[in-house]
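Hi,

Here is the model I promised to pass on.

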Amino acid sequence: MYQYTDFDKRFVRERAAQYRDQLERHLSGRLSDEEFRPLRLQNGWYVQRYAPMLRVAVPYGELNSAQLRVLATIARDYDTPEPGLFERAQTTQDAIGGIAAPALTKNYAHFTTRQNLQYNWIPLHKSADVMDLLASVNMHGIQTSGNCIRNITSDERAGVAVDEIVDPRPFAEILRQWSTLHPEFAFLPRKFKIAISGASDDRAATAWHDVGLHMQRNASGEVGFRVMVGGGMGRTPITASVIREFLPWNQILNFLEAVVRVYNRWGRRDNIYKARIKILVKAEGPRYKEEVEAEYQRILTQDGAPHTITQAEFDRVHACFAAPVLAAHNGVSAEAIHTQLTQAADGNKDFARWLQQNVAAHRDPHLRIVTLSFKRLGQAPGDATADQLDAAAVLADRFSCGEARVSHDQNLVLPWVAAQDLPALYKQAKDLGLAKPNIRMLTDMIACPGGDYCSLANARSLPVSAAISERYQDLDELFDLGEIDLHISGCINSCGHHHSGHIGILGVDKDGKEWYQVTLGGSDGSELSGAPKAGKVVGPSFSSAEVVDVIEAVLQVYTDQKTHGETFIDAVNRIGIDPFKLAANAARHSSDDEALSTID
Amino acid sequence: MRLISHTEHATLTHDHLLTLPNDADPMQQSLQDVQTIELHFPKFTDGRAFSQALMLRRRCGFKGDIRASGDVLIDQLSQMQRCGFSSAVLRADQDISKGRELLTHFSAFYQGDVSQPQPLFAR
């Protein structure tokens, strides 16, 4: 992991002190709500449905166990609502009606699709204390919100993946530093998200970002970036288009300066729904790209390319990401370990399934990448209690050299697990309820906090996700369905990435009631999902009570029509959306039935 | 960076002053005899003037005064200074002495700017 220098540490502390001063001025009435708003947002503090929400930055998803423990402490000691608030909130939620909803929870953290972590109940007057606690382990909420360059996300398997071309983490870190408190780019037309991947399989949904970066090697073996711009979800889903096929690695900061500067100048500021760079790229495509190239040339020739990454800086940062020194594997060969695991799995179906879904190959054949599943009954997708965060820290220390990663699918990944330790890790993770063998399966769904917590939501996500999880608890059935991306967003802002789900569910509001639009065939751009694209709507929205039946009907079409070994998304792409559409609409609860039942 | 109160601003002369709208390209302006360029913030969250100031310094080599006007708040002063603003007319309700204090809060920054063109790693 990146090792914070004295400068980095001081910077985070100065930021926390700056925030404390801003908070004090706000609480004493010297800084108005309107003026404090962008300042708190650029430190991760929102005001949500019932309480403030803090979004903590986890740069490219990497966490160490000390950080996990502080995150646990914050959950335990600070994620506690003011007296009476929690009860009032629950009463308000209960009045919504619809399908059965899980109760609100507190003293926990939530992993987000941008590899960050959120808290929902910390009182604002305690917010500066929390920032100090975070700073004690080099953490912060810098630019996790606001119209600025947000936390840079990456492949959860960066640096350990078998299909990696170039490790993206040194560049993610260099980009983090470059974008942190960038003076020119703190008040862009809208938020700006960068994702970077260095593997052949895109596990970072790069095409869905304002800027997507793919690390590659050209014919001469030189390292560079394929640069894409203008992707984004929201009410106008657009996948990014390539602006540069190959940009030498040391020019990325200079090039992005041009990309963001032209956006800052040209991006729309008159309409928040048209302010993202995707709208600019769509409207001005070639002209935008020409101007970026021209601006980049000016940065190179007139400005002297000041942000060219030096070899020394790359080497310094790269050295931080050296593989940890692992205990010797007692001379046991990788093949022998593999045989042992196969034998262990032979008589234990659950363990076999866990090996298949939650364990991935590692670039070191003696190691494995293990995903702890935070998708289980009784807790919302990606939620972790204080105790679970502490337990994850113990697992990271015991099995993964003290390191964990937040995945964009809202799970925790242990990147340095010795293959020999898998049975022991499985047992401990299972005892903690974190070994559900459902990674990449239907119940490994992405869901935003939705209308239970978020003030933007039009509908709740969590009751729907809970209902689907409950319906698909049978592992035999789940494994027959195979790998499926199910994504749920509570509003068109698309934090739950419904556009890119093989099955997408979007909460909408009609006459004050919760309804859900279902889309099919979306893709995040991974190998499993195919070329990135937004799913297609199957018809008018469904009631909350209908959603589970609609999903079931859709999956039944797949089960009936799939060819041998065909995945759900491949089947949708092969036979088209119509048969699924028909089944989905036939699953509506007929209003005639209801009407008839009321007639004697 | 010179901080100008609203009342002081009213007493300043407007000779050799060029006021640029937010959508103006600094490279297309004639800066001959211009001593002060005023860049206006219609809202403090409108960040176009940051790019304009930076271009005026870095590309046009403008050595005169670049002044921020409009919705100018003390919490953005450091950012303005780093982009090349040399003076700022604060909104009427802003605390000038607090503004001065905030200008020196951070000891250094990662990326290059107008006063320090090299990024931290290249210094």
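First, the ground rules. Residues are numbered from 1 along each chain as its sequence is written, while chains are lettered from A and ligands numbered from 1 in the order in which they are written. Keep in mind that this is a predicted model: local features need pLDDT of at least 70, side-chain atom pairs count only at pLDDT 80 or more, and totals for chains, interfaces and linings use all residues.

Chain B has five strands and four helices, in the order β-α-β-β-α-β-α-β-α from the N terminus on. (Those are DSSP runs, numbered from the N terminus: H or I of at least four residues for helices, E of at least two for strands.)

On overall shape, the C-alpha trace of chain B spans about 40 × 35 × 20 Å along its principal axes. Of the 123 residues in chain B, 34% count as buried, meaning 20 or more other C-beta atoms, placed from the backbone, within 10 Å of a residue's own.

Contacts here are pairs whose C-beta atoms, placed from the backbone, lie within 7 Å. Among those in chain B with a separation of 6 or more, 59% join residues 24 or more positions apart.

Now the interface: 28 residues of chain B are in contact with 30 residues of chain A. On the chain B side, α2 (48-58) and α3 (77-83) are the elements that give two or more residues, and α2(B) has the largest share with five residues.

Cheers

Terms used: Contact = placed C-beta atoms within 7 Å. Buried ≥ 20, exposed ≤ 12 C-beta atoms within 10 Å, placed from the backbone.
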